[in-house]
Amino acid sequence: MKKTSKKTVTARKQLKIRLENTLTKRKNVRGFRPSQSLMASWFKHLNKGLFEDKLPTVPLHLVRMTDDWGRCWAHWDNRKCRKGTYDQSIIPYDKTDVTFAIELHTRYPTFKDFIDTLAHEMVHLYQMTVLKDPYSNHNANFYAFKDKFKSAGLDLSRTG
């Protein structure tokens with residue numbers, strides 16, 4: 001069994017308590033609309049409680065989406081160039097100018113859906129920035145966070 005520090009366990013417990021309190025307060029809210037400041041605040045709490053403050057601060061954007069609730073992007077030079085110039089499924093970490101961003105939808109059915117989606121996209125960010133996973137998709141690295149999420153009261157799924 002992996003040894004975890006008391007600070008990590010305490011941060012996760014604090015996250016779970018904060019999340020439970022917020023969910024109780026917002027349990028009847030339907031059609032939740034996150035704000036930029038709320039998203040930034042929860043990014044910090046989740047980073048501390050789930051990722052041990054290893055994630056870099058990245059731009060967070062609220063955008064209207066039709067097919068997704070959230071996205072984690074890696075941008076590099078000529079990323080949006082003619083198809084075939086780069087293998088779009090592999091992130092070139094050897095390039096020095098790779099930057100990252102998270103985009104979330106402007107509206108969620110519930111507050112819990114918003115938090116689960118933000119945390120989900122943060123796992124992808126962890127894959128990209130810490131693990132340097134060239135694919136950063138829903139692979140074993142992604143699902144390795146399932147127990148951490150469960151202990152904090154979050155759901156980690158492919159649809160998050």
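The model is predicted. The chain contains five helices and three strands, and from the N terminus on these elements follow the order α-α-β-β-β-α-α-α. Of its 160 residues, 40% count as buried.

**The chain as a whole**

- The chain exposes about 9700 Å², and carbon and sulfur atoms supply 51% of that area.
- Among contacts with a separation of 6 or more, 71% are between residues 24 or more positions apart.

**Helix α2**

- Helix α2 covers residues 36-51, which makes 16 residues.
- From its first C-alpha to its last, α2 reaches 21 Å, close to the 22 Å expected at 1.5 Å a residue.
- The buried residues of α2 are Leu-38, Met-39, Trp-42, Phe-43, Leu-46, Asn-47, Gly-49, Leu-50 and Phe-51.
- An α-helix has 3.6 residues a turn, so residues three or four places apart point the same way.
- After α2 comes Glu-52, and the phi of Glu-52 is positive, near 55°.

- Side chains of opposite charge can pair when their charged atoms come close.
- Across the whole structure, a search finds six salt bridges.
- In one of them, the side chain of Glu-52 meets that of Lys-148, with 3.9 Å from N to O.
- This pair links distant parts of the chain, 96 residues apart: Glu-52 lies in the loop between α2 and β1 (60-63), and Lys-148 lies in helix α5 (residues 146-152).
- Glu-52 counts as partly exposed because its relative accessibility is 36%, and Lys-148 also counts as partly exposed, at 23%.
- A network of salt bridges links Glu-52, Lys-54 and Lys-148.

**Salt bridges: Arg-71 and its partners**

- Arg-71 forms a salt bridge with Asp-68 through their side chains, at 3.2 Å from N to O.
- The side chain of Arg-71 also meets that of Glu-103 in a salt bridge, at 3.1 Å from N to O.
- Arg-71, at 25% relative accessibility, counts as partly exposed.
- Asp-68 counts as partly exposed too, with a relative accessibility of 32%.

- Thr-22 belongs to helix α1 (residues 6-25).
- Thr-22 counts as buried because its relative accessibility is 11%.
- With neighbours within four places in sequence left aside, Thr-22 is in contact with Trp-42 and Phe-111; Trp-42 is itself one of the buried residues of α2.
- Leu-60 is part of strand β1.
- A relative accessibility of 11% is why Leu-60 counts as buried.
- With neighbours within four places in sequence left aside, Leu-60 is in contact with Gln-36, Met-39, Ala-40, Phe-43 and Ile-102.
- Leu-60 and Leu-118 are 58 residues apart along the chain, and their C-alpha atoms are separated by 9.9 Å.

Conventions
Residues numbered from 1 in each chain as written. Predicted model: local features only at pLDDT ≥ 70, side-chain atom pairs only at ≥ 80, totals over all residues. Heavy atoms only, no water. Helix = DSSP H or I, 4+ residues; strand = E, 2+ residues; numbered from the N terminus. Expected span 1.5 Å × (residues − 1). Buried < 20%, exposed > 50% of the residue type's maximum accessible area, 1.4 Å probe, protein only. Salt bridge = Lys/Arg side-chain N within 4 Å of Asp/Glu carboxyl O. Contact = heavy atoms within 4.5 Å. Areas by Shrake-Rupley, 256 points an atom, 1.4 Å probe, with all protein chains shown as cover.
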